[in-house]
Amino acid sequence: MSGHHSCGAGCDHGAAGLVGEESGVAYSLYQKIDMTKLVCLNEMVEESGKLVFKPWEDRLNRNKFVESDADEELLINIPFTGNVKLKGLIVGGEEDDSHPAQVRLFKNRPNMTFDDAGAPADQEFNLVRDTSCTLEYKVKVVTFSSLHHLTIHFPSNFGADQTKIFYIGLAGEFTKADRVGVVNAVYEARAIPEDHKTRDKDGMLGSSGPAF
């Protein structure tokens with residue numbers, strides 16, 4: 001069934017294309033998500049939003065999913081453990097109307113709420129039903145470089161009361177944050193005034209003779 005997805009006549013995916021089984025390596029950014037800080041708003045079961053970010057080989061496991069609660073909207077705040085250059089997105093759902101119909105992406109805007117999501121998105125796609133998790137949406141790499149936090153907003157589905165998703169795949173490149181370099185820069189910046197103070201103190205002592 002891989003390589004097939006349902007699509008009505010004339011549907012528009014935007015910049016989308018099918019991916020093959022070799023995409024497992026590319027779709028490994030789930031390992032770089034700070035799961036302890038990931039938050040999904042309007043999820044029916046607490047912490048279930050974290051379940052949809054899983055290994056490529058486990059993407060068709062429908063026992064792990066997130067379902068919306070009060071209405072069809074879902075909003076997921078995703079912090080990464082370093083810097084990401086996002087290149088691709090896959091959204092897997094059911095064949096029925098619970099599959100999300102649209103996705104909106106926001107770059108580096110932590111702790112977004114549904115009210116915040118009323119702002120223009122950095123990129124958005126109209127989705128088609130993808131039960132095999134093989135339809136990739138091409139993200140604007142220039143926009144989503146130096147990404148340390150991604151917010152994904154699903155505003156609607158195909159007509160059901162709740163939205164259900166069992167896989168979200170993120171493809172791209174990861175760079176570990178260089179916190180050591182930051183510490184070194186701060187240390188060096190502070191070392192220069194200290195050196196001046198030492199020299200001034202030495203000069204003062206030298207001009208007034210021995211201190212003892």
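**Figure 1. Burial of residue C40 in the predicted model.** With a relative accessibility of 8%, C40 counts as buried, because buried means under 20% relative accessible area. The structure shown is a predicted model.

**Figure 2. Burial of residue C133.** C133 has a relative accessible area of 0% and is therefore buried. The count of disulfides in the model comes to zero.

**Figure 3. The largest pocket and its lining.** The volume of the largest pocket is about 180 Å³. Two elements each give two or more residues to the lining of this pocket, namely the strands β4 (74-93) and β8 (147-154). Strand β4 gives the most, with three residues. The residues that line the pocket are K37, V39, N77, P79, F80, P110, N111, H148 and H149. When these lining residues are sorted by class, four are nonpolar, four are polar and one is charged.

Figure 4. Rolling a probe the size of a water molecule over the atoms shows where empty space is left. In this structure there is one cavity of 30 Å³ or more. The largest cavity has a volume of about 40 Å³. Its lining is formed by Y27, L29, Y30, F53, K54, Y167, I168, G169 and L170. By class, seven residues of this lining are nonpolar, one is polar and one is charged.

Technical notes: Residues numbered from 1 in each chain as written. Predicted model: local features only at pLDDT ≥ 70, side-chain atom pairs only at ≥ 80, totals over all residues. Heavy atoms only, no water. 1 Å grid on protein atoms, 1.4 Å probe; cavity = no way out; pocket = protein on both sides within 12 Å on 5 of 7 lines; lining within 4 Å. Points joined across faces, edges and corners; volume = space filled by probe spheres on them. Nonpolar A, V, L, I, M, F, W, Y, C, P; charged D, E, K, R; others polar. Helix = DSSP H or I, 4+ residues; strand = E, 2+ residues; numbered from the N terminus. Disulfide = S-S within 2.5 Å. Buried < 20%, exposed > 50% of the residue type's maximum accessible area, 1.4 Å probe, protein only.
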